[in-house]
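Here is a short briefing to read alongside the model. Take a look at the structure first, and then let's walk through it together.

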Amino acid sequence: MTPTGRPYAGRTVAFATMHGKERLAAEPFRELLGARVTVPKGLNTDLLGTFAGDIPRELSPIDAARVKARLGMHIDNTPLGLASEGTFAAAPWSPGVVENTELLLFIDDVLEIEVVEVSRVMSPLPRPRSVRDMDAGLAFAARIGFPRQGIVLTADDGDGPTWRKDLRTTSELTRALNELFDTVNEVTIQPDYRAHACPSRAEHLRSLTTRLAQRLATPCPDCAAPGWGPIASEQGLLCRDCGAPTALEAATVESCARCSHRVRTPGAARTAGPEWCQHCNP
Ligand SMILES: [Zn+2]
Ligand SMILES: [Zn+2]
């Protein structure tokens, strides 16, 4: 089948989420594609692993997203599925900085395509921290942004870790800390990264859903399938002085999700300064 016009107008896309992500995708999918985003009922994506660590994540982000999207498509009996997978990790260039990477996957089983968007930003949230008393706990929770930003408490009394989530108010937090400090000396406080509890992540996801919808609204110039857009940047911009390839971007590559059509666009810069060159400036 050859798609024409707005291939997703009037169609339903199942977003496999337990944490309100469908609300973030609803507007761009409606305005850019004319599609409706629904949430499959009875879905338990926590089985695939949680941010808090009470259920370990065993799949790579893309595989986890694929399994979730297919679960949702199965439940809703629709060929169109969406799922996202996020990670928070210390930045390799500065261990005090947290990076949030989001992967958003769209599956169309009629056209047999997968379209993926990935985005990485610096998170405003601090790294998890262990505290030894109530004052330090309340102070760090405030620094994270609680209660607007959710938090998760972890404590280990020797019999394995316990978790406290879904604390809504300072008095609930105080009670939970008191209970934990009855049996342990140290409680770890981390931001709750689930989309409904993490406004900065929700904002990041919202912009990613817009980018994906824009991409799905862009047809391949060759076969007209939806999902045309950049897939990679190509390194290897040549050094101005010696001509050796550097790590700087030389070109961007756009690709179709369905056929093998690709377009390579060289960047504005024709050469790299020698300060970027392994030979001239090792
Ligand atoms: Zn194509
Ligand atoms: Zn050089």
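With 12 C-beta neighbours inside 10 Å, Asp 166 counts as exposed (exposed means 12 or fewer other C-beta atoms within 10 Å of the residue's own, buried means 20 or more, and partly exposed is in between, with C-beta atoms placed from the backbone). Asp 166 sits in the loop between strand 8 (161-164) and helix 4 (170-181), and its phi is near 60°, a positive value in a residue other than glycine. Please keep in mind that this is a predicted model, in which local features need pLDDT of at least 70, side-chain atom pairs count only at pLDDT 80 or more, and totals for chains, interfaces and linings use all residues. Residues are numbered from 1 along each chain as its sequence is written, while chains are lettered from A and ligands numbered from 1 in the order in which they are written.

**Overall picture**

- The protein has 5 helices and 12 strands (DSSP runs numbered from the N terminus, with H or I of at least four residues for helices and E of at least two for strands).
- Its C-alpha trace spans about 65 × 55 × 30 Å along the principal axes.
- Of the 282 residues, 35% are buried.
- Taking contacts between residues at least 6 apart in sequence, 61% join residues at least 24 apart (a contact means C-beta atoms, placed from the backbone, within 7 Å).

**Helix 1 against helix 5**

- Helix 1 (residues 21-33) packs with helix 5 (residues 199-216) at an angle of about 30°, and their axes are 9 Å apart (axes are lines fitted to C-alpha atoms, for helices over the stretch in contact, and angles run from 0 to 180 degrees between N-to-C directions).
- The two helices are therefore roughly parallel to each other (the term covers angles under 35 degrees; over 145 is roughly antiparallel, 65 to 115 roughly perpendicular and the rest oblique).
- On the helix 1 side, the residues that meet helix 5 include Leu 24, Pro 28 and Leu 32, and on the helix 5 side they include Leu 205, Thr 209 and Ala 213.
- The residues of this contact divide into 10 nonpolar, 3 polar and 2 charged (Ala, Val, Leu, Ile, Met, Phe, Trp, Tyr, Cys and Pro count as nonpolar, Asp, Glu, Lys and Arg as charged, and the others, Gly among them, as polar).

- Strand 11 (residues 249-255) is joined to strand 12 by 5 bridges, and Ala 251 has Pro 266 in strand 12 as its bridge partner.

**Backbone spots to check**

- Glu 112 is not a glycine, yet it has a positive phi of about 55°.
- Glu 112 lies in the loop between strand 4 (94-108) and strand 5 (113-123), and it is exposed, with 11 other C-beta atoms within 10 Å.
- Phe 146 and Pro 147 are joined by a cis peptide bond, with omega about 10°.
- Pro 147 belongs to the loop between helix 3 (134-144) and strand 7 (151-156).

**A residue in helix 3**

- Ala 136 is found in helix 3 and is partly exposed, with 15 other C-beta atoms within 10 Å.
- Between the C-alpha atoms of Ala 136 and Lys 41 there are 40 Å, and the two residues are 95 residues apart along the chain.

Definitions and conventions:
Contact = placed C-beta atoms within 7 Å. Pairing = 2+ DSSP bridges.
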